[in-house]
Amino acid sequence: MSERPPVLEARRISVVFGGLRAVSDFDLTLSEGELVGLIGPNGAGKTTVFNLLTGVTPLTSGEIRMRSKHGDLVRTDGKKAHAIARLGVGRTFQNIRLFRNLTVLENLLVAMDHLRKTSVLDAVLRTRRFSLEEEAFAARAVELLAVFGLDGKKSFLARNLPYGEQRKLEIARALATGPSLLLLDEPAAGMNPQETQELMRLISFVRERFSLTILLIEHDMSLVMGICERIAVLDYGQTIASGTPEEIARNPAVIKAYLGEETL
Amino acid sequence: MKKKGVDFLLLLAAGAAVFLLIAGLAWIGVIGEFYLQLISTAGIYIIVSLSLNLITGFTGQLALGHAGFMSIGAYTAAIFVMRLGVPLLPSVLLGGAMSALFGYLIGFPTLRLRGDYLAITTLGFGEIIRVVLNNLEGITGGSAGLKSIPGFSDTGDVMLDAIIKFAWIFVFFAVTVAVISNLVRSSPGRTIVSVREDEIASTSMGNDVARYKMLSFTVSALFAGIGGGLYSALFNYLNPSNFNFLYSVNFVVIAVLGGLGSITGTVLGGLIFTFAQEWLRVLKDFRLVVFGLLLILLMLFWQKGIMGSKELSITRILRRILGLGGKKE
């Protein structure tokens, strides 16, 4: 496992909101191609970790390095969220954040706009270059939608999709940015067991197909145990355990965090 | 021939037809000079409201100082024409450029902030511009105003002059519609709309949200300034007090009335607004009361405006009428 080069290294990252230390000295290394789970009880700071890694929330202290397109590790703490996304970090959100009044297809096209070579003037004058690029983007977006079985609904407004498909569309949109690292924030939240199973298969599939490294937040332990190679457990902003699913399942600190002390 | 080419010709033909219809009706006397002037006024209102709709309807940032941008364009154009003898067309364009420059300068610090800061800043900006124009007496004529600004033409024939005014404004109106609709229906335009929909999501998809807000705001200021330049030539008189806060609110009303995020809605909204204000004049002192009441009723029962965020596709309608077929959405 450690043979594979790292794509992300977070060293002692912390963030303080007012008097609250939401994430405290969090460490994480992701190697190429890994599927790592980040779990923990409600309010443990999982989503905050995502926001720190993606630059949505600035760090209070610590360092983050990510692999650039050239293959070397670069410091990303202090960079803007859009710059980090362009390094190849795609993400989804716990409380779905689609562009609700744009179509399914347009949601993906927005995620591809940073790859645009033509200028705004090309768009206004409708040059040939512009049309060719638009067509190429649309073709790629439809291809991606097909992976998620959403190509038939490309002209639907995102807000009119059923809940499960909105979750899928968020993943498709994250993939449209062309990431090498994918951060999924509770992708199965609100899904029934059957939908969850299907989603997990889909995640494994896209991981292979797009050679992704995936960090996954999940609330439901049993689910994460099934597909993750490695799990980190967060409670009160601190890592209380990390290891293989088997190690985590047996770890007394984890059991305590999830079930409380009395049951021990 | 490609679909794109056909659509372009259809739009060109439709535009020419509308122009010839109105100009023709005016020429044979069905539309009087007064109403033609009113249509021209509506055209300017529509240009400025479209520019406002770009930043407020499409980008989701409330701006309350478009009268300020309009007055920058108006005074710049008028000064170039009167004091420097520059022809009208470049003067109007320079007015737009000056306004865009101001848009860029005030957008730079404020658009990085989230929330309603832009609304407050633009409101303050509009008022500052008005006060400055009032006090630069040597250049702007101060509160006495700038009089006898040359118009679009001076043929001596009132009707012909009115038609020429209308032609100018119609061409600028068509260009504004074309530029803004091409912009919003393109890759950068969709990103502008995504900023309205969800800033965090858009930035997380690799889009520099601040840059797109700047783009939208600068283009918006450009067209507001062009609208101002046309205004100076249409009315031949400028006074800073015309461009007060309430004047800015008119454009917000038109954009909301037509539908935020709808170009065709803004066109309809501008026409209805201009004509309603005129027709309600018979009510004398009650005009503004009734007008306000109508707006309240509209917002209560028709919150999304006439068009919501939908568009009327002229090419699709024409294709159907002409039986050209074409791709259905």
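**Exercise 1. Polar links between the domains**

Task: In this predicted model, find how many residue pairs are in polar contact between domain 1 of chain A and domain 2 of chain A.

Solution: 
- Step 1. Locate the two parts. Domain 1 of chain A covers 1-88 + 179-264, and domain 2 covers 102-177.
- Step 2. Count the pairs. Three residue pairs are in polar contact between these domains, with both residues at pLDDT 80 or more.

**Exercise 2. The salt bridge**

Task: Work out which residue forms a salt bridge with Lys168(A).

Solution: 
- Step 1. Start with the count. One salt bridge links domain 1 and domain 2 of chain A.
- Step 2. Name the partner. Glu198(A) pairs with Lys168(A).
- Step 3. Check the distance. The closest N and O atoms are 3.1 Å apart. The cut-off is 4 Å, so the pair qualifies.

**Exercise 3. The domain 1 side**

Task: Determine which element gives the most residues to the side of domain 1 of chain A that touches domain 2.

Solution: 
- Step 1. List the elements giving two or more residues. They are strand E7 (181-185) and helix H7 (193-209) of chain A.
- Step 2. Pick the top contributor. H7(A) gives six residues, the most.
- Step 3. Sort this side by class. It has 12 nonpolar, one polar and five charged residues.

**Exercise 4. The whole contact**

Task: Describe the contact between the two domains of chain A by residues, area and distance between centres.

Solution: 
- Step 1. Count residues. Domain 1 brings 18 residues into contact with 12 of domain 2.
- Step 2. Give the area. About 1300 Å² is buried between the domains, and carbon and sulfur atoms give 73% of it.
- Step 3. The C-alpha centres of the two domains lie 27 Å apart.

Notes: Residues numbered from 1 in each chain as written. Chains lettered and ligands numbered in written order. Predicted model: local features only at pLDDT ≥ 70, side-chain atom pairs only at ≥ 80, totals over all residues. Heavy atoms only, no water. Domains from an automatic or database assignment. Contact = heavy atoms within 4.5 Å. Buried area = accessible area lost by both parts, 1.4 Å probe. Salt bridge = Lys/Arg side-chain N within 4 Å of Asp/Glu carboxyl O. Polar contact = N/O pair within 3.5 Å; in protein donor to acceptor, adjacent residues only side chain to side chain. Helix = DSSP H or I, 4+ residues; strand = E, 2+ residues; numbered from the N terminus. Nonpolar A, V, L, I, M, F, W, Y, C, P; charged D, E, K, R; others polar.
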